[in-house]
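Good morning, and thank you for the time on the agenda. I would ask you to look at the sequence and the model first, and then I shall go through them with you.

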Amino acid sequence: MTVWLVGAGPGDPGLITAKGLELVRSCDALVYDRLVSRELVDEAPEDALRIAREELSQNEIDDLLVTLGREGLEVVRLKGGDPFVFGRGGEEAIALVKAGIDVQVVPGVSSIAAVPAAAGIPLTHRGVADRVRIFTGHGSGEHVEGETIVVFMGLQNLPRVVESLLADGVAPGTPAAVVSRGTLPEQEVVVARLHELPQAAAELDGPALVIVGEVVAMRERIVPALRNQLGLLAG
Ligand SMILES: C[S@@+](CC[C@H](N)C(=O)[O-])C[C@H]1O[C@@H](n2cnc3c(N)ncnc32)[C@H](O)[C@@H]1O
């Protein structure tokens with residue numbers, strides 16, 4: 001049995017994905033966040049367990065998901081927006097993988113894309129803005145310098161893209177990835193140190209995103225099949 005980390009979308013219940021809704025409609029247990037709409041919670045089968053996460057700490061949530069997974073239930077962990085954008089989905093995935101429980105991620109429409117669009121604000125506009133910066137204003141008290149850089153349409157000019165990132169001060173050894181045809185059955189992911197990425201990804205076709213930052217190395221803790229490849233980024 002599987003724990004599904006499902007993105008509920010930004011608020012409008014119609015903005016959950018078809019795959020996410022299908023999973024909600026067939027789950028044994030639904031663990032949902034405060035920002036998830038009531039309509040989506042009501043889509044779960046009548047006899048499904050429904051658990052609001054509101055009163056639980058992150059550790060308690062991780063433990064709860066592990067317990068439900070161990071009971072052999074089909075569990076949907078429904079999170080606002082996308083589970084991996086300021087959603088602590090990575091932490092939950094790592095806890096489940098550590099406990100040997102099958103975990104799958106169903107991406108959601110993140111507020112980062114949906115909310116500006118709904119308000120009539122294009123995040124990028126030719127001649128006006130060619131980059132977007134996102135960060136959290138939520139002070140956890142813990143200061144982290146980490147930044148994730150995502151480059152759209154970067155595969156064709158990858159050597160130049162990498163050169164410009166290095167010139168901007170990004171360390172050559174930073175973990176980096178190219179994800180081609182993401183979410184499709186033909187999805188391919190190449191991971192390398194930033195300075196080696198153009199060579200490593202030379203055979204890939206688009207459409208692709210380039211992702212640069214320490215989060216790339218988290219992948220080996222989130223995708224169980226990669227657990228034995230921990231040496232991939234060594235050196
Ligand atoms: C904990 S983060 C979760 C983000 C979520 N995982 C996502 O991908 O959208 C919650 C924050 O996302 C933003 N947010 C989420 N839904 C929103 C909405 N419908 N309208 C405006 N901002 C929203 C707000 O800044 C909110 O405090």
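Let me begin with a definition: a residue counts as near a molecule if one of its heavy atoms lies within 4 Å of it. Please also keep in mind that this is a predicted model.

I turn to the ligand. By that criterion, the residues around the ligand are Pro10, Leu35, Gly80, Gly81, Asp82, Val85, Phe86, Ser110, Ser111 and Val115. Sorted by class, this shell comprises five nonpolar, four polar and one charged residues.

For valine 85, a polar backbone atom is 2.7 Å from a nitrogen atom of the ligand. Serine 111 contributes through its side chain, where a polar atom lies 2.6 Å from an oxygen atom of the ligand. The ligand taken alone exposes 570 Å², and the protein buries 52% of that.

Is serine 110 buried or exposed? Its relative accessible area is 10%, so serine 110 is buried, the cut-off being under 20%.

At 57% relative accessibility, phenylalanine 86 counts as exposed, because the threshold is over 50%. Its phi is near 45°, a positive value in a residue other than glycine. Most residues other than glycine have a negative phi, and most peptide bonds are trans. Methionine 153 also has a positive phi, near 55°. Methionine 153 lies in the loop between strand 6 (149–152) and helix 6 (158–167) and is exposed, with a relative accessible area of 77%.

On the subject of peptide bonds, the one from glycine 206 to proline 207 is cis, with omega near 0°. Proline 207 is placed in the loop between helix 7 (197–200) and strand 9. Proline 207 is also among the contacts of serine 180, together with others including Glu186, Leu204 and Ala208. Serine 180 belongs to strand 7 (residues 175–180) and is buried, at a relative accessible area of 1%.

Next, helix 3. Helix 3 covers residues 58–70, and its 13 residues reach 18 Å from first C-alpha to last, close to the 18 Å expected at 1.5 Å a residue. Its buried residues are Gln58, Ile61, Asp62, Leu64, Leu65, Val66, Leu68 and Gly69. An α-helix has 3.6 residues a turn, so residues three or four places apart point the same way. The cover over the buried residues of helix 3 includes strand 1 (2–7), strand 2 (29–32), strand 3 (49–52), strand 4 (75–79) and helix 4 (89–98). Just after helix 3, glycine 72 takes a positive phi of about 80°.

Valine 212 is buried, with a relative accessible area of 1%. Among its contacts are Ile149, Leu165, Val170 and Leu194. Valine 170 is 42 residues away along the chain, and the two C-alpha atoms are separated by 9.1 Å.

Notes. Residues are numbered from 1 along each chain as its sequence is written. This is a predicted model: local features need pLDDT of at least 70, side-chain atom pairs count only at pLDDT 80 or more; totals for chains, interfaces and linings use all residues. Side-chain values use heavy atoms; hydrogens and water are left out. A polar contact is a pair of N or O atoms within 3.5 Å; within protein, one must be able to donate a hydrogen and the other to accept it, and residues adjacent in sequence count only if both atoms are side-chain atoms. Accessible areas come from the Shrake-Rupley method with a 1.4 Å probe; for residues, only the protein chains shown count as cover. Ala, Val, Leu, Ile, Met, Phe, Trp, Tyr, Cys and Pro count as nonpolar, Asp, Glu, Lys and Arg as charged, and the others, Gly among them, as polar. Buried means under 20% relative accessible area, exposed over 50%, partly exposed in between (1.4 Å probe, protein chains only). Helices (H or I, at least four residues) and strands (E, at least two) are DSSP runs, numbered from the N terminus. The expected span of a helix is 1.5 Å times one less than its number of residues. Contact means heavy atoms within 4.5 Å.
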